[in-house]
Amino acid sequence: MNLPKNTAKKRCCTIAVRTFICNFATSIRYNTMIRKATKRDIQAIIALLHQVDMVHHVIRPDLFKPNTTKYDEQKLEALLEDESKPVFVFDDGQVLGHAFCMITEVKDDKLLQNIKTLYIDDICVDEKARGKHVGTALYEYVRDYAKAIGCNNITLNVWEGNGPALNFYRNMGMKVQKTTMETILQP
């Protein structure tokens, strides 16, 4: 069916406006669920850190011990007080995900340009909440936070073998910045 040009333009415009409103509403809904982590979130964050550890342990058992976390309660409590290392949680009545971040700045370096970077040390979505856009909401919140505080870029590391994470970050628009190589000398 051929529509008159202005009818087709109106339909296209209407779809674009609906899409914008839907995306905006989704953004508002998710942003009200994402907040800075507090001491009361520590147990939920530790449970998520156990999930992160097991993903890494399965990929690299030569590097990662099973059934542990990178932070204990005391270290996590101290980290939550550090403004240069914000931790955000996705909370819809229970913590379904977290994003550990670090803000770094290079100034007046002999070699490098002045740059402010937000490094994502860890994003985790509870395995029961995967596929529900929690990771997307966390990443977009962190991206908007980085823009708001004047960061030039966002960086992170992904372990080889973690295909789901690599695909997720590519879908978020991230590109490879550098590659870390290794030779294992002792099995």
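**Close-up views of a predicted model**

**View 1. Parallel pairing of β4 and β5.** In this predicted model, strands β4 and β5 pair in the parallel sense, over four bridges. T117 stands opposite N153 of β5. Between the two strands the chain passes through α4. This β-α-β crossover, from β4 to β5, is right-handed.

**View 2. The whole sheet.** Five strands make up an open sheet. Their order is β1-β2-β3-β4-β5, and the pairing is mixed. The edge strands are β1 (34–36) and β5 (153–156). Each of these edge strands pairs on one side only. On average, neighbouring strands of the sheet are turned by 30° against each other, direction ignored. Strands of a sheet pair through backbone hydrogen bonds, in either the parallel or the antiparallel sense.

**View 3. Antiparallel pairing of β3 and β4.** Strand β3 covers residues 95–106, and strand β4 covers residues 115–125. The two run antiparallel and are joined by 10 bridges. H98 stands opposite C124 in β4.

**View 4. The stacked pair Y71 and F100.** The model has five aromatic pairs. In one of them, the ring centres of Y71 and F100 are 5.5 Å apart. Their planes meet at 10°, so the pair is stacked; the cut-off for stacking is under 30 degrees. Y71 lies in the loop between α2 (42–59) and α3 (73–80), whereas F100 lies in strand β3. The pair therefore ties together parts that are 29 residues apart in sequence. Y71 has 16% relative accessibility and counts as buried, because the limit for buried is under 20%. F100 is also buried, with a relative accessible area of 2%.

**View 5. The edge-to-face pair F88 and Y145.** Here the ring centres of F88 and Y145 lie 5.0 Å apart. The planes are at 65°, so this pair is edge-to-face; that class needs planes over 60 degrees apart. F88 sits in strand β2 (residues 87–91). Y145 sits in helix α4 (residues 134–148). The contact thus ties together parts that are 57 residues apart in sequence. F88 is buried, at 1% relative accessibility.

Terms used. Residues are numbered from 1 along each chain as its sequence is written. This is a predicted model: local features need pLDDT of at least 70, side-chain atom pairs count only at pLDDT 80 or more; totals for chains, interfaces and linings use all residues. Side-chain values use heavy atoms; hydrogens and water are left out. Two strands pair if DSSP finds at least two bridges between them. Axes are lines fitted to C-alpha atoms, for helices over the stretch in contact, and angles run from 0 to 180 degrees between N-to-C directions. Rings of Phe, Tyr and Trp (its six-membered ring) pair if their centres lie within 6.5 Å; planes under 30 degrees apart count as stacked, over 60 as edge-to-face and the rest as tilted. Buried means under 20% relative accessible area, exposed over 50%, partly exposed in between (1.4 Å probe, protein chains only). A crossover is right-handed if, with the strands pointing away from the viewer, the path from the first strand over the helix to the second runs clockwise.
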